[in-house]
Amino acid sequence: MIVDYHMHLRNGRGEIAHETSAVEPFVEAARAAGVDEIGFTEHVYYFRQTRSLWTVPYQTERCVYDLEPYVDAVVQARGRGLPVKLGLEVDYVPGREEETRELLAPYPWDYLLGSVHFIDGLGVDGEPRLLDAVGVEEAWRRYFETLASAARSGLFDSLSHPDLVKIFGERARAFDYEPVVAAIAESGVAVEVSTAGLRKPVGELYPHPDFLAACRARGVPVTTGSDAHSPDVVGRDFDRARELLRSVGYETVTVFERRQGRQEPLG
Ligand SMILES: [Zn+2]
Ligand SMILES: [Zn+2]
């Protein structure tokens, strides 16, 4: 089984298009790429139902869409038997866990991805850059501390691009992944192996092989994702993702349905 569980629903011009007609090109691209099932995971901060959570301008400026058409588009495609799942890429906001849970509770998600893109108003992968504000060692410490809290929150089914802080190729010295991986293992959340890092300055898969090996050692389940913002990126570089997974001993991938995960043999 090959799943691509991370993509953003866009039309042929790369614009947000939360409609069933935009789903179909992604399904066709998945079929062509040998991907068995895809999941849409729009950014949570685009939806005005979640407006009360956001303080960073990058998020508040984008918070203008209605969540219902997005959910309806994917649910309708799912109902027609297309191999699609309904997900969301949810920014973790420390201290706002209950509110996040309540805002997202009314919708029929198959899974929720947990992401850390901003910490105290500073961007992990965007401006104003956390790395510039606090330096690489402190950025890494804060990033993984926040990721551990995201795991412990119980809000999420899988953690997206789990070592995103390496995106620009700047790395802390001799970083110890054990504390964050222990938190992930205790919480039962999965981690995503993402090919998006190959298309960023760092030029690597997320997460680092050492991080993934530590996850494997503790029995942490995995998902795979491309973070496609257009159909042509669906399933991109998945041979590399599977190679990394196999190299640290993974034999299964998680398939989600209505927030229940099950293991299927890695395709
Ligand atoms: Zn992301
Ligand atoms: Zn994404």
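Is Arg259 buried, partly exposed or exposed? Arg259 is partly exposed, at a relative accessible area of 32%, where buried means under 20% relative accessible area, exposed over 50% and partly exposed in between, with a 1.4 Å probe and protein chains only.

1. Basis of the note. This is a predicted model, in which local features need pLDDT of at least 70 and side-chain atom pairs count only at pLDDT 80 or more, while totals for chains, interfaces and linings use all residues. Residues are numbered from 1 along each chain as its sequence is written, chains are lettered from A and ligands numbered from 1 in the order in which they are written, and side-chain values use heavy atoms, with hydrogens and water left out.

2. Arg259 and its partner. The side chain of Arg259 forms a salt bridge with Asp157, with the closest N and O atoms 2.9 Å apart; a salt bridge here is a side-chain nitrogen of Lys or Arg within 4 Å of a carboxyl oxygen of Asp or Glu. Arg259 lies in the loop between strand E10 (252-257) and strand E11 (260-265), and Asp157 in the loop between H6 and E7, so the pair ties together parts that are 102 residues apart in sequence. Asp157 is buried, with a relative accessible area of 11%.

3. Other salt bridges. By this rule the count comes to 23 salt bridges. One of them joins Lys166 to Glu204, the closest N and O atoms being 3.1 Å apart; Lys166 lies in the loop between E7 and helix H7 (178-187) and Glu204 in the loop between strand E8 (190-194) and helix H8 (209-217), so this pair ties together parts that are 38 residues apart in sequence. Lys166 is buried at 0% relative accessibility, whereas Glu204 is partly exposed at 24%. A network of salt bridges links Asp120, Glu138, Arg141, Arg142 and Glu145.

4. The sheet. Seven strands form an open sheet in the order E1-E2-E3-E4-E7-E8-E9, with parallel pairing; strands (E, at least two residues) and helices (H or I, at least four) are DSSP runs numbered from the N terminus, and two strands pair if DSSP finds at least two bridges between them. Strand E1 (3-4) and strand E9 (222-225) stand at the edges with a single partner strand each, so one side of each is left without a neighbour in the sheet. Within the sheet, strand E3 (residues 84-91) pairs with strand E4 (residues 111-115) in the parallel sense over five bridges, and Leu88 stands opposite Leu112 in E4.

5. Aromatic pairs. The whole structure holds 20 aromatic pairs, counted where rings of Phe, Tyr and Trp (its six-membered ring) have centres within 6.5 Å, with planes under 30 degrees apart called stacked, over 60 edge-to-face and the rest tilted. Tyr45 and Tyr46 form a tilted pair, 5.5 Å centre to centre with 40° between the planes, and both belong to a cluster in which ring pairs link Tyr45, Tyr46, Trp54, Tyr58, Tyr65 and Phe118. Tyr45 is buried at 3% relative accessible area, and Tyr46 is buried at 11%.

6. Cysteines. The structure holds zero disulfides, a disulfide being a pair of cysteine sulfur atoms within 2.5 Å. Cys63 is buried at a relative accessible area of 7%, and Cys215 is buried at 0%.
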